[in-house]
Amino acid sequence: MNFSHHIPTRIVFGSGSLQSLHKQKLPGNNALIVISAGKSTRVHGSLDSLLAELNKAHIRFVLFDKILSNPIKQHVMEGAELARISGCDFVIGLGGGSSIDSAKAIAIMATNGGDYWDYIGSGTGKRILLGAKPLPIVAIPTTAGTGTEVDPWTVITNEESIEKIGFGTADTFPALALVDPELMLTVPPLFTAYQGFDALFHSVEGYLCRQATPLSDVYALQSIELVAQHLPTAVHEGQNLAAREGMALASTLAGMVEATSRCISEHSLEHALSAFFPSLPHGAGLIMISKAYYTHFAKYAVCAERMVRMAHALGCPQASTALDFVTALENLQQACGVGTLCMSDYGIKKEDARLYAQNARSAMGHLFEGDPVALSENDCVALYEAAYR
Ligand SMILES: [Zn+2]
């Protein structure tokens, strides 16, 4: 029962809460706003609302709007340069996980010299410790998926080395997370499903992880229950605010799981795929891997009790075996219209399974340490092959 618990992020949660931003204590006076290269924050008004709030609070700002859905190191370096020359003293990430993760990485590089990969702790990263505290971060998610608004992690792709690696320190927790479910009403159905399953797997993996704590378990089971209750409705009735609120809470709770426990190797296996195939949405990759992945772990007695409890949380009170969790997962995927995703649609090749397995184990090898049962390279190859279609 020995554990520590540290989530230093102030959370302001609720529909319409973006309109309260000007009343919040902000961590600086000159913001770099980080948004994606896509149109959604402009078209759906969240950027205008943010700018109006900053004007009311007399905060100066500059905009960096290049972030890709699988964010890359080059844009981290460019954003940090803009923050430095503009004299920014904090960074606001507005958007999905890619924008908020990039805001964190930019906050790091705005105050530290050299290259972002100098500080990365695995793969080809040089493992140098940060010399200076990153700029403070404000996170405003417009999707329900990553939970990055309440955890310290940022996941960035190095295109030259084909590595997608997570990084973070105690200083990359956002100072403020403003979670407004109204900003999520316009997310299209398929992306609502991908992002919702990402949140689900943060909780599922964190619950199975060897580093799980009694508090991360509470967040995880509650978040799994919320996903089961609300994700199908959020997918099929995007304007249903109650469903969006349920998913926003599920995602934030899952982020708290990531902050207090850890993701396990399912995330490493997915990051390898989206490092090679950047058009693959992270959540879609996780869904593709999940059935083979959890069927593998269902063979081991050490996982059984926890998998049964997760099946109960997914709304199957009669569940009694670990495989019942896999069935509940498949049923939820079908209910959300994502039960038949194919790796081949994204260019992934079955014969390259060993290449992906090696990438997963070198770039994101540390997540394997949390696995409830150790996975070998051959196990990873077999998982990719079993998941392939
Ligand atoms: Zn994820």
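Strand β8 (residues 176-179) is covered on both of its faces. On one side lie L176 and L178, on the other A177 and V179, and these four residues are all buried. The model described here is predicted. The domain assignment of the chain gives domain 1 (10-183) and domain 2 (188-387).

**The parallel sheet**

- Six strands form an open sheet with parallel pairing, and their order is β1-β8-β5-β4-β2-β3.
- The edge positions are taken by β1 (10-13) and β3 (60-67); each has a single partner strand, so one side of each is left without a neighbour in the sheet.
- On average, and with direction ignored, neighbouring strands of this sheet are turned by 15° against each other.
- Helix α4 packs on the sheet, where it touches β2, β3, β4 (90-95) and β5. The direction of α4 makes about 165° with that of β4.

**Strand pairings within the sheet**

- Strand β8 pairs with β1 in the parallel sense over 4 bridges. Within β8, V179 is the bridge partner of F13.
- Strand β8 is also joined to β5 by 2 bridges, and these two strands run parallel. Here A177 of β8 is the bridge partner of A139.
- Strand β2 (residues 30-36) runs parallel to β3 and is joined to it by 6 bridges. N30 stands opposite R60 in β3.

**Domains and their contact**

- The C-alpha centres of domain 1 and domain 2 lie 25 Å apart.
- The contact between the domains involves 27 residues of domain 1 and 31 residues of domain 2.
- On the side of domain 1 that touches domain 2, the elements giving two or more residues are β1 and β7. Of these, β7 gives the most, with 4 residues.

**The largest nonpolar core**

- The largest nonpolar core has 128 residues, and the members that touch the most other members are V34, V91, I106 and F325.
- Helix α7 supplies the largest share of this core, namely 10 residues.
- At least three residues of this core come from each of domain 1 (10-183) and domain 2 (188-387).
- In soluble globular proteins, nonpolar side chains tend to be buried together.
- Leaving aside neighbours within four places in sequence, V91 is in contact with A31, L32, V34, A83, A103, I106, A107, L135 and I137. Two of these contacts, V34 and I106, are themselves listed with V91 among the core residues that touch the most other members.

**Helix α7**

- Helix α7 (residues 241-260) consists of 20 residues. The distance from its first C-alpha to its last is 29 Å, close to the 28 Å expected at 1.5 Å a residue.
- Of the 20 residues of α7, 18 are buried, so the helix is largely enclosed by the rest of the structure.

**V150, a buried loop residue**

- V150 is located in the loop between β5 (137-141) and β6 (154-158).
- V150 counts as buried because it has 28 C-beta neighbours inside 10 Å, and 20 or more are required for that class.
- Not counting residues up to four places away in sequence, V150 touches I7, T9, I11, A177, T252, G255, M256 and A259. Among these, A177 belongs to β8, while T252, G255, M256 and A259 fall within the residue range of α7.
- V150 and K299 are separated by 149 residues in sequence and by 33 Å in space, C-alpha to C-alpha.

**Loop residues with positive phi**

- Most residues other than glycine have a negative phi.
- R127, which is not a glycine, has a positive phi of about 65°. R127 lies in the loop between α4 (97-111) and β5. R127 is exposed, because 10 other C-beta atoms lie within 10 Å and the exposed class covers counts of 12 or fewer.
- I162 likewise has a positive phi, near 50°, in a residue other than glycine. I162 is found in the loop between β6 and β7 (163-167). With 16 C-beta neighbours inside 10 Å, I162 counts as partly exposed.

Technical notes:
Residues are numbered from 1 along each chain as its sequence is written. This is a predicted model: local features need pLDDT of at least 70, side-chain atom pairs count only at pLDDT 80 or more; totals for chains, interfaces and linings use all residues. Two residues are in contact if their C-beta atoms, placed from the backbone, lie within 7 Å. The expected span of a helix is 1.5 Å times one less than its number of residues. A nonpolar core is a set of buried Ala, Val, Leu, Ile, Met, Phe, Trp, Tyr and Cys residues joined through C-beta atoms within 7 Å. Domain bounds come from an automatic or database domain assignment. Two strands pair if DSSP finds at least two bridges between them. Axes are lines fitted to C-alpha atoms, for helices over the stretch in contact, and angles run from 0 to 180 degrees between N-to-C directions.
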